[in-house]
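Thanks, everyone, for making the time this morning.

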Amino acid sequence: MVDFNEIEKKALEVVAKHTPWLEEVALCNTEKVISAFRKYKVSDYYLKPTTGYGYSDVGRDSLDLIYADIFKAEAALVRSQFVSGTHALAVALLGNLKAGDEIVTLTGRPYDTMQSIMGYPVAIPGSLVDIGVTYKELPMTGAHVDLEAVKKIVTEKTTMVHVQRSCGYSAERHTIPIDEVEKILQAAKEANPNVICFVDNCYGEFIDKREPIEVGADITAGSLIKNLGGGIAPMGGYIVGRKDLVEKASYRATAPGLGGEMGATLGDTQREYYQGLFLAPHVVMQAVKTSVFCAAVFKEMGYEVKPQPEDKRNDIIQAIKLGTRERLCDFCAAIQNNSPIDAHVTPVPSPLPGYQDEIIMAAGTFVQGASIELSCDAPCREPFNVFFQGGLTFEHGRLAVMAAAKSVGVKD
């Protein structure tokens with residue numbers, strides 16, 4: 001007989017060991033946010049909507065300045081018009097690369113939707129390869145990036161290097177710690193001082209005390225329905241970095257010559273962006289505590305997990321190797337059943353744009369698909385790893401994880 005109460009008790013003890021560091025990071029990042037709000041005199045009228053072209057949208061323009069300040073960047077582009085983090089990443093890349101340029105990804109094969117942007121292995125119309133950009137890829141060697149190999153593959157012909165912090169849909173590679181991101185970028189700059197260093201920051205914001213721009217990135221991007229939206233932002237994405245690179249990206253986001261000067265902020269979105277950013281440092285740590293708890297529970301039940309329960313966290317994602325399609329579906333169904341929205345719905349595997357395999361996803365979220373809220377998703381392929389993330393409150397995460405554990409059962 002499985003004693004789930006004992007499993008839960010042991011997992012809570014693991015979470016308690018992480019809590020002092022997590023609270024220290026949350027405090028540090030909350031201070032950054034409050035300092036930036038104070039510096040740019042955030043007022044009630046910043047939160048009002050605009051219409052039409054959106055000229056002189058003080059709330060939008062001030063939010064750009066605040067993001068740049070928090071990330072220690074020269075400029076930022078924070079927009080509701082980005083339909084996803086993938087869109088923001090694509091705009092940053094396509095705005096700064098042209099035919100004849102070369103991009104090298106230094107952290108192995110990117111996740112599925114980034115492969116579509118790169119145009120590798122399939123040159124999708126409008127992708128980088130399709131427009132004439134040369135794509136190269138440096139496989140990761142286990143948990144780390146081979147720094148000497150970085151210095152060899154990056155040459156004077158390389159226009160941009162790409163670093164993906166998060167593991168994506170891979171249980172083979174690890175999420176890259178911010179200290180290691182710094183070493184990777186230093187190696188790339190040593191090989192070519194003029195190379196543009198681009199970091200995919202999805203799932204990694206406010207996980208540590210430093211962000212990619214502070215460790216050598218020239219430009220970075222991500223989603224507002226992940227970490228930085230705090231569970232409140234209803235859509236959107238951001239780009240931060242060098243002023244010239246952000247400006248080029250803005251011309252791809254709207255049109256050459258228009259850039260970031262236009263784009264109305266409709267409805268209550270502006271308030272949601274400001275309030276979500278204010279809450280984000282705390283909410284991110286709720287999600288991290290939930291992922292630590294999940295790792296501890298499922299390891300105790302005999303499953304392979306990554307990261308390990310005792311590991312320092314570098315994003316909000318927890319991977320669990322469930323081994324069978326049935327267990328994968330049962331896990332996702334349990335998470336959905338313990339969600340605040342659409343708990344009565346049973347998720348099933350289905351095709352999803354940008355992915356090569358059927359995807360199963362549990363996301364009973366207030367914002368559709370928001371992965372800072374409690375959710376999980378997985379490509380339906382062996383070894384049937386599920387990627388679990390988010391949690392606006394640890395209490396909710398704890399309840400849902402235990403329900404999933406009981407649904408899946410201990411490993412045979």
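What you see here is a predicted model, and in this model the largest pocket has a volume of about 830 Å³. The pocket is lined by 35 residues, and those closest to its centre are Tyr-203, Lys-226, Tyr-355, Met-361 and Gly-369. If we sort the lining by class, we find 16 nonpolar residues and 15 polar ones, together with 4 that are charged.

Which helices and strands each supply at least two residues of that lining? They are helix H3, which covers 85–94, helix H4 at 112–118, strand E11 at 375–379 and strand E12 at 385–389. Of the elements that contribute, E11 gives the most, with 3 residues.

Let me now turn to the cysteines, where a search of the whole structure finds 0 disulfides. Cys-294 takes part in no disulfide, and the nearest cysteine sulfur to its own, that of Cys-376, lies 8.9 Å away. Cys-294 counts as buried, because its relative accessibility is 0%.

And how far from Cys-376 is the nearest cysteine sulfur? That sulfur belongs to Cys-332 and is 3.6 Å away, and Cys-376 is likewise in no disulfide, because a disulfide is counted here when the two sulfur atoms are within 2.5 Å. Cys-376 is also buried, with a relative accessible area of 1%.

I will stop there and take your questions.

Definitions and conventions
Residues are numbered from 1 along each chain as its sequence is written. This is a predicted model: local features need pLDDT of at least 70, side-chain atom pairs count only at pLDDT 80 or more; totals for chains, interfaces and linings use all residues. Side-chain values use heavy atoms; hydrogens and water are left out. On a 1 Å grid over the protein atoms alone, a cavity is a set of points where a 1.4 Å probe fits but cannot get out, and a pocket is an open set with protein on both sides within 12 Å along at least five of seven lines; lining residues have an atom within 4 Å of a point. Grid points are joined across faces, edges and corners, and a volume is the space filled by probe spheres set on the points. Helices (H or I, at least four residues) and strands (E, at least two) are DSSP runs, numbered from the N terminus. Ala, Val, Leu, Ile, Met, Phe, Trp, Tyr, Cys and Pro count as nonpolar, Asp, Glu, Lys and Arg as charged, and the others, Gly among them, as polar. Buried means under 20% relative accessible area, exposed over 50%, partly exposed in between (1.4 Å probe, protein chains only).
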